[in-house]
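I set out to record what I looked up in this two-chain entry. The notes follow the order in which I made them.

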Amino acid sequence: MSNKPIKSNEKGMTLIVKTITRLTIGLILLFGIYIVLHGHLSPGGGFAGGVIIALSFIHLMLAFGKEVALKKLSQSMASFFESLGAIIFISIAVLGFLGGYFFLNFLNKGEAFHLFSAGIIPLANIAICFKVGAGLYAVLLGLVLLKTGGKE
Amino acid sequence: MIELYLLLLFMIAAAIIAVEIEDLLSSIVAVGAVGMGLSITFLTLKAPDLAIVQLVVEILCLIILIRATINRDITQVKGRQKFITIFISLTFIVLFLVLAWSSLKNLPEFGYPIMKVAKNYLAEGLARTGATNLVTSVILDFRAYDTLGEATVLFAAIIGALAVLRKTGRK
């Protein structure tokens, strides 16, 4: 690990990029969570919100180098979250058998335009967000780790 | 309707530039311009959900493509390699056009009859699912099986990518 290009890669980008990243990364993460939680009320949903959350971590990795991003969310944790999302989604589908059939909306529909409404749809959105976000982050992490591994 | 044709011309021009240009990084930027044009097209066709997804996925693809090409020693496509690239692209364009023509000629005319299936969803969607965003209510309630299949495809793809890109156990 004493190669020069790897070392300069670990330090990340310039001070300007790091400062802007520090200011915006929380807002990007918050916007992704907002898109996921309001997926049943406004445009957006689990897929788009999950990709935005993954992009906030990728932003961190591009600006500060991969060590900082790995400290926040390691690759095994990302794989764990991806599998967790898949399990939650299929469990929601199987729980529909409580009322009769697969993918039944078994929860209370609630009042329209409220955050806690539409039964299982927000829960499924959250599950898909975990799946998509963690999966795409893990793939990019795999690319980055393989690249530094191949140079040795 | 005129802005739709303008966006279409912009996207076709950017795609031709992406194929023809020598520098790989400039080519990726041109591909990104195609994606942004497609996102704005979705917005003008009143599909904000698709526009958000298109924009976000385009940004992610751009990051991955730039990371894949920026450290390469050879960023110029020359000679024989260029010939093979153009040959493969032309083959797939012709194949796509033939298949698209044979399948699209059986479809009804664009926008007619107006919302044959969507009429029922628009009328009953809010009462039956309780979700005010009808796109979400369709993909997660009425057509949840499709979403399950899509999630399975994505899961298999990511597992495969992680298995190929793994570091441990690699000789």
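**Helix 5 of chain A**

I looked up burial in helix 5 of chain A and found A:Gln75, A:Ala78, A:Glu82, A:Gly85, A:Ala86, A:Phe89 and A:Ile92 buried. I took a residue as buried if 20 or more other C-beta atoms lie within 10 Å of its own, as exposed if 12 or fewer do, and as partly exposed in between, with C-beta atoms placed from the backbone. Helices are DSSP runs (H or I, at least four residues), numbered from the N terminus.

I then checked the length of helix 5 of chain A: its 21 residues (75–95) should span 30 Å at 1.5 Å a residue, and the end C-alpha atoms are 30 Å apart, which agrees. The expected span is 1.5 Å times one less than the number of residues.

**Basis of the entries**

I worked from a predicted model, in which local features need pLDDT of at least 70, side-chain atom pairs count only at pLDDT 80 or more, and totals for chains, interfaces and linings use all residues. Residues are numbered from 1 along each chain as its sequence is written, and chains are lettered from A and ligands numbered from 1 in the order in which they are written.

**Contact between the chains**

I found 43 residues of chain A and 32 residues of chain B in the contact. Two residues are in contact if their C-beta atoms, placed from the backbone, lie within 7 Å. On the side of chain B that touches chain A, helix 3 of chain B gives the most, with eleven residues.

Which residues does A:Val51 touch, leaving aside neighbours within four places in sequence? I listed A:Val132, A:Gly133, A:Leu136, B:Val56, B:Val57 and B:Leu60.

**Position of B:Gly125**

I located B:Gly125 in helix 5 of chain B. B:Gly125 counts as buried because it has 21 C-beta neighbours inside 10 Å. Neighbours within four places in sequence aside, B:Gly125 is in contact with B:Leu134 and B:Ser137. I also noted B:Val138, which is 13 residues from B:Gly125 in sequence and 8.0 Å away in space, C-alpha to C-alpha.

How values were computed. Helix = DSSP H or I, 4+ residues; strand = E, 2+ residues; numbered from the N terminus.
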